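Subject: Structure for your review

Dear colleague,

My notes on what was found in it follow directly after.

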Amino acid sequence: SNHTRKQTTMVASRAFSRSRVIMARYDVSPHMVKWWSKVRPDDGQVSRHLSPFEQHAIMPWFKTWPKKMIDRAPDYIVWLGGSLSIVFATAAWADAADAAEDFSHRY
């Protein structure tokens with residue numbers, strides 16, 4: 001029984017003996033492990049990053065902004081409509097006051 005357990009352990013250890021090298025490097029592809037085994041990792045140096053052209057920082061917003069605009073339209077319309085009507089009324093009142101002053105000083 002003890003001999004069988006020892007033999008099973010040896011078989012299991014031999015089965016995974018070649019994969020230890022692959023398990024040692026998790027950051028490279030398995031077929032490049034031998035080539036990268038000689039390269040020492042740099043401390044703190046950024047060696048991998050995304051290109052700014054691959055990040056697509058604006059695309060999620062760009063895809064969802066029409067729905068957000070429609071959902072928020074009632075709030076925007078109230079404030080935008082109110083402020084535009086106040087501006088328009090003020091401009092109309094100022095034009096009317098200016099026209100009345102011009103009319104009073106016509107001669």
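Asp71 and Lys67 are joined through their side chains by a salt bridge, with 2.8 Å from N to O. Please note that this is a predicted model, so every value here is computed. The two partners lie four residues apart in helix α5, and therefore about one helical turn separates Asp71 from Lys67. Asp71 and Lys67 are both exposed. In general, side chains of opposite charge can pair when their charged atoms come close. The count of salt bridges comes to one.

Helix α5 also holds the aromatic pair, and the structure has one such pair. Trp61 and Trp65 form it in a stacked arrangement, with 6.3 Å centre to centre and 20° between the planes. The angle counts as stacked because it falls under the limit of 30 degrees. As helix α5 spans residues 59-104 and the two tryptophans are four residues apart in it, Trp61 and Trp65 are separated by about one helical turn. Trp65 has a relative accessibility of 33% and so counts as partly exposed, given that this class lies between 20% and 50%.

Both tryptophans also contribute to a nonpolar surface patch of about 740 Å². Its members are Ile58, Met59, Trp61, Phe62, Trp65, Met69 and Tyr76. Of these, Met59 is found in helix α5. With a relative accessible area of 35%, Met59 is partly exposed.

The charged end of Arg106 sits over the ring of Phe103, at 4.1 Å from the ring centre.

As to the overall architecture, the protein has five helices and zero strands. Read from the N terminus, its elements follow the order α-α-α-α-α. Buried residues account for 3% of the 107 residues in the protein.

I would be glad to receive your comments.

Yours sincerely

How values were computed: Residues are numbered from 1 along each chain as its sequence is written. This is a predicted model: local features need pLDDT of at least 70, side-chain atom pairs count only at pLDDT 80 or more; totals for chains, interfaces and linings use all residues. Side-chain values use heavy atoms; hydrogens and water are left out. Rings of Phe, Tyr and Trp (its six-membered ring) pair if their centres lie within 6.5 Å; planes under 30 degrees apart count as stacked, over 60 as edge-to-face and the rest as tilted. Buried means under 20% relative accessible area, exposed over 50%, partly exposed in between (1.4 Å probe, protein chains only). A charge sits over a ring if NZ of Lys or CZ of Arg is within 6 Å of the ring centre and within 35 degrees of the ring normal. A salt bridge is a side-chain nitrogen of Lys or Arg within 4 Å of a carboxyl oxygen of Asp or Glu. Patches are made of residues with over 30% relative accessible area and no salt bridge: like charges are joined within 9 Å, nonpolar side chains (Val, Leu, Ile, Met, Phe, Trp, Tyr) within 5 Å. Accessible areas come from the Shrake-Rupley method with a 1.4 Å probe; for residues, only the protein chains shown count as cover.
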